[in-house]
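Here are my notes for a colleague who is opening this entry for the first time. Please read them with the structure in view.

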Amino acid sequence: MKCKKKAVTLIEIIIVVAISSIIILAVMNLFSSGMKGSAKGLAHQANMESASIIMSQIEYDLLRATTFLKPESGVNNDFDSASWEFNYKASTSDKPSIVTYTKINDGLGVCREIKMPDGKVQKTTLAKSQKVNLIFKRFTFDTSSTKYPVYKQAMLVEVTVSSKDNIRGGTNESFTLKRFIVVRSSIQ
């Protein structure tokens, strides 16, 4: 009596390898999609945080403004930089300091520069690794028709922070934050 041995044929091996490959490719594609979604979400969160920090700093300085220097009054254009005199707590002088916000030349980050009355200059760069776009619009409200006439100043500030993730195809994300800030003091 002869005993038949059962062996695996080449066709069976090819079928198992093909099915395994299809399953592995599907799992890898699912994992890759999840990683791209995660990277996009993290980039969006980083842009939101940077825009909030920049806007908070601008608002803090604007609420202490005493005189606007740029943009000039009556000009209806958007400006990518602004400066004003303000009462800076770190200054030892009674005279106001001057704060200026400008985009950095290469577009990465924004520079906050404070000129003290004694001539010292303090520079801070915000959002160094992200592309930042600033727009400032100045408004004046004349309330001379009221019982207590006051000239109120305000600034519409728009901050857009963008990032590009160049890892595996990359994701372009941006976040824009707009705020209308009325200056507390009555300035000209």
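1. Start with Glu 173. Its relative accessibility is 12%, so Glu 173 counts as buried. Keep in mind that this is a predicted model.

2. Which residue forms a salt bridge with Glu 173? The partner is Lys 40, with the closest N and O atoms 3.9 Å apart. The two sit in distant parts of the chain: Lys 40 in helix α1 and Glu 173 in strand β7 (residues 171–182), 133 residues apart. Lys 40 is partly exposed, at a relative accessible area of 45%.

3. A second salt bridge joins the side chains of Glu 59 and Arg 179, at 2.9 Å from N to O. This pair also links distant parts of the chain, since Glu 59 lies in helix α1 and Arg 179 in strand β7, 120 residues apart. Glu 59 is partly exposed at 25% relative accessibility. Arg 179 is partly exposed at 28%.

4. Now look at Glu 113 and Lys 123. They form a salt bridge, and their closest N and O atoms are 3.5 Å apart. Glu 113 is in strand β4 and Lys 123 in strand β5, so the bridge ties together parts that are 10 residues apart in sequence. Lys 123 is exposed, at 58%. Salt bridges with shared partners join Glu 113, Lys 115 and Lys 123 into one network. The whole structure has six salt bridges.

5. Strand β4 (residues 108–115) and strand β5 (residues 121–142) run antiparallel and pair over seven bridges. Leu 108 stands opposite Lys 131 in β5. The hairpin has five residues between the strands, and there Gly 119 takes a positive phi near 95°.

6. Next, the surface. Val 8, Leu 10, Ile 13, Ile 14 and Val 17 make a nonpolar patch of about 490 Å². Leu 10 belongs to helix α1 (residues 10–62). Leu 10 is exposed, with a relative accessible area of 61%.

7. Last, the chain as a whole. It has one helix and seven strands, in the order α-β-β-β-β-β-β-β along the sequence. Of its 188 residues, 29% are buried. The chain exposes about 12,600 Å², and carbon and sulfur atoms supply 58% of that area. Among contacts with a separation of 6 or more, 50% come from residues 24 or more positions apart.

Methods:
Residues are numbered from 1 along each chain as its sequence is written. This is a predicted model: local features need pLDDT of at least 70, side-chain atom pairs count only at pLDDT 80 or more; totals for chains, interfaces and linings use all residues. Side-chain values use heavy atoms; hydrogens and water are left out. Patches are made of residues with over 30% relative accessible area and no salt bridge: like charges are joined within 9 Å, nonpolar side chains (Val, Leu, Ile, Met, Phe, Trp, Tyr) within 5 Å. Accessible areas come from the Shrake-Rupley method with a 1.4 Å probe; for residues, only the protein chains shown count as cover. A salt bridge is a side-chain nitrogen of Lys or Arg within 4 Å of a carboxyl oxygen of Asp or Glu. Helices (H or I, at least four residues) and strands (E, at least two) are DSSP runs, numbered from the N terminus. Buried means under 20% relative accessible area, exposed over 50%, partly exposed in between (1.4 Å probe, protein chains only). Contact means heavy atoms within 4.5 Å. Two strands pair if DSSP finds at least two bridges between them.
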